[in-house]
Structure formats: C-alpha cells, structure tokens
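Me: I'd like to walk through this one with you, question by question. Here it is.

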Amino acid sequence: MFLFKKVPSISAQELQEKLKKPIELIDVRSPEEFAQGHIPKAKNVPLDTIQQYKPKGKTVYVVCASGPRSKRATQYLVSQKYDAYNIEGGMMMWNGTLKVGYK
C-alpha cells in the first residue's frame with residue numbers, strides 16, 4: 001500500500017539545521033491549517049495540488065500536521081525524480097518559530 005512504503009525522512013530537529021541555509025520547504029496542509037501557524041520559510045502547497053507543483057530545485061522538504069500527508073507528497077515527488085524528504089511527525093514535532101497568516 002502507498003502509505004506504507006518507506007520514504008526518505010528527516011526529523012524536525014534536522015530540519016531546523018537545514019533551515020540555516022536556503023532550502024525549499026513545502027507545507028501540504030490546507031490553507032486554513034497553514035494560516036493557523038507554519039514554519040516561516042514554508043510554502044503552502046495543499047496535498048490535493050501536489051501534482052501541479054514543480055519544485056524550483058532538485059531537493060524539497062515536505063511537512064504536514066503529523067506525517068501521513070507529507071509522506072504521500074514525498075512519495076509522489078520521489079516518483080517524479082526529485083530528492084524529497086518527509087519531516088517525521090510533521091508540525092506536531094516542530095518546536096521552532098511559527099508564522100501565522102497565509103504568507
């Protein structure tokens with residue numbers, strides 16, 4: 001089954017280290033969830049629009065609320081030959097700064 005396939009993943013703590021440099025980070029939650037609080041450098045790309053999304057670079061990091069949606073998005077991006085990484089545990093594991101609003 002799709003959800004049980006292993007996908008490349010990193011922890012929220014590892015993501016905090018990666019964010020010290022410019023990276024491509026997408027948040028696949030709904031716009032409403034995203035507006036309630038997101039990682040400042042994240043771009044909102046709801047899961048139901050992932051097939052239209054074209055990463056700017058070869059590597060992209062993917063986050064959601066707790067992991068299942070970002071895992072599905074990561075699997076899709078990997079199938080499209082991108083170096084995609086799921087953030088394990090999603091926003092539930094994030095303890096860094098949050099930005100509120102749509103931008």
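This is a predicted model: local features need pLDDT of at least 70, side-chain atom pairs count only at pLDDT 80 or more; totals for chains, interfaces and linings use all residues.

Me: What is the order of the strands in the open sheet?
Reply: Strands of a sheet pair through backbone hydrogen bonds, either parallel or antiparallel. Here the pairing is parallel, and there are five strands. Their order is β1-β5-β4-β2-β3.

Me: Which strands stand at the edges?
Reply: An edge strand here has a single partner, so one side of it is left without a neighbour in the sheet. That describes β1 (9-10) and β3.

Me: Which residue in β5 stands opposite S9?
Reply: Strand β1 runs parallel to β5 (residues 83-87), and two bridges join them. Opposite S9 stands N86.

Me: What angle does the direction of helix α3 make with that of β5?
Reply: Helix α3 (residues 68-79) packs on the sheet, where it touches β2 (25-27), β4 and β5. Its direction and that of β5 make an angle of about 170°.

Me: Is Q51 buried or exposed?
Reply: Q51 sits in the loop between β3 (43-44) and β4 (59-63). Its C-alpha atom is 24 Å from that of G101, which is 50 residues away along the chain. The relative accessible area of Q51 is 52%, and the cut-off is over 50%, so Q51 counts as exposed.

Note on methods:
Residues are numbered from 1 along each chain as its sequence is written. Side-chain values use heavy atoms; hydrogens and water are left out. Helices (H or I, at least four residues) and strands (E, at least two) are DSSP runs, numbered from the N terminus. Buried means under 20% relative accessible area, exposed over 50%, partly exposed in between (1.4 Å probe, protein chains only). Two strands pair if DSSP finds at least two bridges between them. Contact means heavy atoms within 4.5 Å. Axes are lines fitted to C-alpha atoms, for helices over the stretch in contact, and angles run from 0 to 180 degrees between N-to-C directions.
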